[in-house]
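Student: I have a new model on screen. Can you show me how to read its features, one at a time?
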Amino acid sequence: TTAKRVIFSGIQPTGIPHLGNYLGALSSWSSLQQPGTTTFYSIVDLHAITMPQDPDILRQSKFDMAVSLLACGVDPKQSALFEQSRVAAHSELAWIFNCLTPVGWLGRMTQWKSKMDQKRGHVASHAEILADESLTTGLKMGLFDYPVLQAADILLYKATHVPVGQDQLQHLELARDTAKLFNKTFKKNVFPKPIAITPPESQRVMSLRQPTVKMSKSDPSEQSRINLSDTPEVIQSKIGRATTDSLVGVSYDKRERPGVSNLLTIYSAVRDISIEEAVKEFEGVESTKQFKEQVADAVIDRIVPIRNELSRLQGDPGYVRQVLDEGAEKAAEVAHKHMEEVYKVIGL
Ligand code: ADP
Ligand code: NA
């Protein structure tokens, strides 16, 4: 008998996703929904509050993310789509893991360390961080503890596979270590060790303005990214003004031609073809303008149906609320069963 696949993935409620989020993460969420696979998809609002949030904006961003996930093909009949905070067991299991996880494991996390370095202005060692209280002022316990909550998110459903970006691999490793530590401590094989499903490096979408850095929500320039809510006109204009180079023709060379290569990456991803095939399609195209127009058309073909679904769902908040409520119920049922087992094993 083949082992059942259980997938958990979470995304922060950052509002309407951009093309990078879609191609690097969300498009796979929909294709992973298959018979024999159980899929749990969570809007991780408890993770969001590790940084300061405005309550009204947070509420809106959660709604926009829910709508976007549905528009990107998350199917509530096949998946449990839910808000993390509505399934209390995430917090419960995180506490239990807090009581097992050595502090040193968290101090080593590069995302935490880079937050410190931002404050300090240079790379700080863990010892320096501990010695200088002003470094951690303003940063909250929750941020330090973020990877433990993430381990709880994953292990709560006994997930076997976790779609994650490259930047989250260290956190997934911590979840695997946590599973191992728990099983060893209580001499019971409660949690499977989850396996990462990472998107190919080629799916990494770069900024349209500065193609050597990734397309990101945190980039202050709206011109740097395409949002799933952008109109065809806006998409044409953003790609039309994307940074490229003055060489003639279209070729893939990430070092020498990052802008053109990024547009080829985007084109191949939205068309579901390889980079080689994409390059072939532009053989003989000398004008950058023509190249960009064709890329924009392909992006528009892929994005417009999502955009239409997005605006349809935004007009139906009652339905979205119902999907999230039912998703939370479905998730809680599994979570509750697993927590009973955890409590029993621990002696609580
Ligand atoms: P952002 O940088 O815009 O804040 P997040 O860090 O919230 O994006 O990432 C959400 C998901 O989208 C993650 O799975 C991440 O790996 C993926 N992702 C983010 N930016 C990109 C990108 N430029 N290209 C490919 N995938 C991306
Ligand atoms: Na980010």
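Tutor: Gladly. Keep in mind that this is a predicted model. R108 sits in the loop between helix 5 (103-107) and helix 6 (110-120).

Student: Is R108 buried, exposed or partly exposed, and why?

Tutor: Count the C-beta neighbours. R108 has 13 of them inside 10 Å, so it counts as partly exposed. Then look across the chain. Q170 is 62 residues away from R108 in sequence, yet their C-alpha atoms are separated by 9.5 Å.

Student: Where is P76?

Tutor: P76 lies in the loop between helix 3 (55-71) and strand 3 (79-83). It has 19 C-beta neighbours inside 10 Å, and therefore counts as partly exposed. The cut-off for buried is 20 or more.

Student: Which residues is P76 in contact with, leaving aside neighbours within four places in sequence?

Tutor: L81, V323, E326 and G327. P76 and Y41 are 35 residues apart in sequence and 9.8 Å apart in space, C-alpha to C-alpha.

Student: Let's go to the strands. How do strand 1 and strand 2 pair?

Tutor: Strand 1 (residues 5-11) and strand 2 (residues 37-43) run in the parallel sense, with seven bridges between them. The chain gets from strand 1 to strand 2 by way of helix 1 (residues 19-31), and this β-α-β crossover is right-handed. R5 has T37 in strand 2 as its bridge partner. V6 stands opposite T38 of strand 2.

Student: Which way does strand 2 run relative to strand 3, parallel or antiparallel?

Tutor: Parallel, and five bridges join strand 2 to strand 3. One of the pairs to find is F40 with its bridge partner A80 in strand 3.

Student: Why is strand 2 described as largely enclosed?

Tutor: First the general idea. Side chains in a regular strand alternate between the two faces of the sheet. Now the case here. Strand 2 has seven residues and five of them are buried, so the rest of the structure largely encloses it.

Student: What does the nonpolar core look like, and which residues have the most contacts inside it?

Tutor: In soluble globular proteins, nonpolar side chains tend to be buried together. The largest nonpolar core here has 81 residues, and L69, A152, L155, I266, V295 and V299 have the most contacts inside it. Helix 14 (residues 288-314) gives this core its largest share, nine residues. Both domain 1 (5-202 + 317-346) and domain 2 (206-311) supply at least three residues to this core.

Student: Which residues does L155 touch, beyond its neighbours within four places in sequence?

Tutor: L155 is in contact with L93, A175, T178, A179 and F191.

Student: How is the chain divided into domains?

Tutor: Into domain 1 (5-202 + 317-346) and domain 2 (206-311). Their centres, taken over C-alpha atoms, are 30 Å apart. Where they meet, 13 residues of domain 1 are in contact with 15 residues of domain 2. On the domain 1 side, helix 1 and helix 3 are the elements that give two or more residues. Helix 1 gives the largest share of that side, four residues.

Student: What should I note about phi at K187?

Tutor: Most residues other than glycine have a negative phi. K187 is not a glycine, but its phi is positive, about 50°. K187 is placed in the loop between helix 10 (169-186) and strand 5 (195-197). It has 7 C-beta neighbours inside 10 Å, so it counts as exposed.

Student: And what is the phi of D272?

Tutor: Positive, about 55°, although D272 is not a glycine. This residue lies in the loop between helix 12 (258-271) and helix 13 (275-281). D272 is exposed, with 9 other C-beta atoms within 10 Å.

Student: Last, the whole chain. How many helices and strands does it have?

Tutor: 15 helices and five strands. The radius of gyration is 22 Å, close to the 20 Å of the globule rule for 348 residues, so the chain is as compact as a globular protein of that length. Its C-alpha atoms fill a box of roughly 70 × 50 × 45 Å along the principal axes. Of the 348 residues, 36% are buried.

Student: What share of the contacts links residues 24 or more positions apart?

Tutor: 75%, counting contacts with a separation of 6 or more.

Definitions and conventions: Residues are numbered from 1 along each chain as its sequence is written. Chains are lettered from A and ligands numbered from 1 in the order in which they are written. This is a predicted model: local features need pLDDT of at least 70, side-chain atom pairs count only at pLDDT 80 or more; totals for chains, interfaces and linings use all residues. Two strands pair if DSSP finds at least two bridges between them. A crossover is right-handed if, with the strands pointing away from the viewer, the path from the first strand over the helix to the second runs clockwise. A nonpolar core is a set of buried Ala, Val, Leu, Ile, Met, Phe, Trp, Tyr and Cys residues joined through C-beta atoms within 7 Å. A residue is buried if 20 or more other C-beta atoms lie within 10 Å of its own, exposed if 12 or fewer, and partly exposed in between; C-beta atoms are placed from the backbone. Domain bounds come from an automatic or database domain assignment. Two residues are in contact if their C-beta atoms, placed from the backbone, lie within 7 Å. The radius of gyration is taken over C-alpha atoms; the globule rule is 2.2 Å times the number of residues to the power 0.38.
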